[in-house]
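Subject: Structure for your review

Dear colleague,

Please find below the sequence and structure that I am handing over to you. My findings follow directly after it.

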Amino acid sequence: MIRKPGPWPSLVLLSAAVFVSVTTELVPTGLLLGMSRDLGVSESQLGLLVTGYALMVALFAAPLGTLTARMPRKSLLVASLAAYTASNAVMVVAPDYPVAFVARLLGGATHGLFWAVVGGFAARLVTPDRIGRAVTVVSAGGSMAVLIGLPAGTSVGTALGWRATFTALTAVAVVLTLLAWWLLPEVPGSTAAVRARMREVLRVPDFPPIVAMTAVTMLGTYMMITYTAPLLQRAGISEHGIAPVLLANGLAGTLMLPLAGWIADRRLRAGIMAACGVLLGGLVLLWLHGTAAWAAVTAVVVLGVGMGLLPIFMQAATLRIAPDHTEQASGINASAYNVGVAAGALSGAFALETWGLGAIPPLGALLVAGGLALYVSGTASARVQPERL
């Protein structure tokens, strides 16, 4: 009898794809200073590359999750990776800001398709009792993007120019596209997901509080994340010192991964509340002492811990709450996540231009606290079902 290979190699490959997608999304935050100089725009305008990217995800993730629900998952993943390749290749040769902006819009639409597919793909590779661990393995790519991709991209961009960073991302995306085509198993689409409309999925018990918390919490968090480099510079950290701080941020999140998988399969609701509390603590510290180098660095590391946990918990909760509609539920939550990212970057740009950098941490803290309150009040009845929430 020939034994079929287990799901873990495929999960690792999906994790690598997540690495590329998250690095592609976040790398302008580390290169913001150099990119704004080279493209001849202000830091707040350059931040709109993050906003535009996230807005495309917000607009397209849920609809694409519905429209492509019957299509084979492998083909969609390969197509999304190929589009990442194209988006980053255009960034390499972009002569000005408008072309770079269009390239980011392409990447954002691709990101929406990818995140509508990848969660359900991972869930179908394992038994229901291992969804938390599967999500953790796949989500590890996001943590590694923060740990390795973002600081490495920042370091390369600082030393060789930001286009060198996008050249490297293009090469990695080419390799992953080929590996996904050769190695990933065929996973069929879900006819059940097609039969349910998005508004019906939004009526699934306990799902709306997850969506609301995701959008509001990420809005507050990404107000700060988008402008990490200027906030660190305000505290006296040099441009060359930003990459090591981002490395510490990513390392803090990565160290949470084993704990995240355990919590996601056992104490998911408590984990979501704790992760929101960690994010809130980091923002409050930056609010109260953000002009001191020790506080700014500590706050960035604490935020890394929170972001190493919360996205995993949100994805695990989405898959457990709507197991028959994973594509649509994942797409809706990805849209909510990126509504928060886009609105956070845009609100941060407004705050930066209107009130200065000092306004960003308190506004972010208030929003994260609001997101936590929405979740706690909306899922109060779920305390009897810890395996779901």
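A cavity is a set of grid points where a 1.4 Å probe fits but cannot get out. Please keep in mind throughout that this is a predicted model.

**Cavities**

How many cavities of 30 Å³ or more does the structure hold? There are three. In the largest cavity lies about 690 Å³ of space. Its lining consists of 34 residues, and those nearest the centre of the largest cavity are Val22, Tyr222, Met307, Pro311 and Tyr337.

Which helix gives the most to the lining of the largest cavity? That helix is H16, with nine residues. Sorted by class, the lining of the largest cavity comprises 18 nonpolar residues, 15 polar residues and one charged residue.

The second largest cavity has a volume of about 50 Å³. Around the second largest cavity are Trp115, Val118, Gly119, Ala122, Val135, Val138, Ser139, Gln315 and Leu319. Two or more of these lining residues come from each of H6, H7 and H16. Here H6 gives the most, with four residues. Six residues of this lining are nonpolar and three are polar, while none is charged.

**The packing of H7 and H16**

Helix H7 (residues 131-160) packs with helix H16 (residues 293-321) at an angle of about 140 degrees, and their axes are 9 Å apart. Angles over 145 degrees count as roughly antiparallel, and 65 to 115 as roughly perpendicular. The crossing in which H7 passes H16 is right-handed.

On the side of H7, the contact is made by Ile131, Gly132, Val135, Thr136, Ser139 and Ser143. On the side of H16, Gly308, Ile312, Gln315, Ala316, Leu319 and Arg320 take part. This contact of H7 with H16 has five nonpolar residues, six polar residues and one charged residue. Val135, Ser139, Gln315 and Leu319, which belong to this contact, also line the second largest cavity.

**The packing of H11 and H15**

Are H11 and H15 roughly parallel or roughly antiparallel to each other? H11 and helix H15 (residues 268-289) pack at about 25 degrees, with 11 Å between their axes. Angles under 35 degrees count as roughly parallel, and H11 and H15 are therefore roughly parallel to each other. H11 passes H15 in a left-handed crossing.

From H11, the contact draws on Ile210, Met213, Thr217, Met218, Gly220, Thr221 and Met224. From H15, the contact draws on Ile272, Cys276, Leu279, Leu283 and Leu286. Nine residues of the contact of H11 with H15 are nonpolar, three are polar and none is charged.

**The largest pocket**

The largest pocket holds about 170 Å³ of space. Of the 13 residues that line the largest pocket, Gly149, Gly153, Thr165, Ala168 and Leu169 lie nearest its centre. H1, H7 and helix H8 (162-183) each supply at least two residues of this lining. By class, the lining of the largest pocket divides into nine nonpolar, four polar and no charged residues.

Yours sincerely

Terms used:
Residues numbered from 1 in each chain as written. Predicted model: local features only at pLDDT ≥ 70, side-chain atom pairs only at ≥ 80, totals over all residues. Heavy atoms only, no water. Axes fitted to C-alpha atoms, helices over the stretch in contact; angles between N-to-C directions. Left-handed = near helix turned anticlockwise from the far one by under 90°. Contact = heavy atoms within 4.5 Å. Nonpolar A, V, L, I, M, F, W, Y, C, P; charged D, E, K, R; others polar. 1 Å grid on protein atoms, 1.4 Å probe; cavity = no way out; pocket = protein on both sides within 12 Å on 5 of 7 lines; lining within 4 Å. Points joined across faces, edges and corners; volume = space filled by probe spheres on them.
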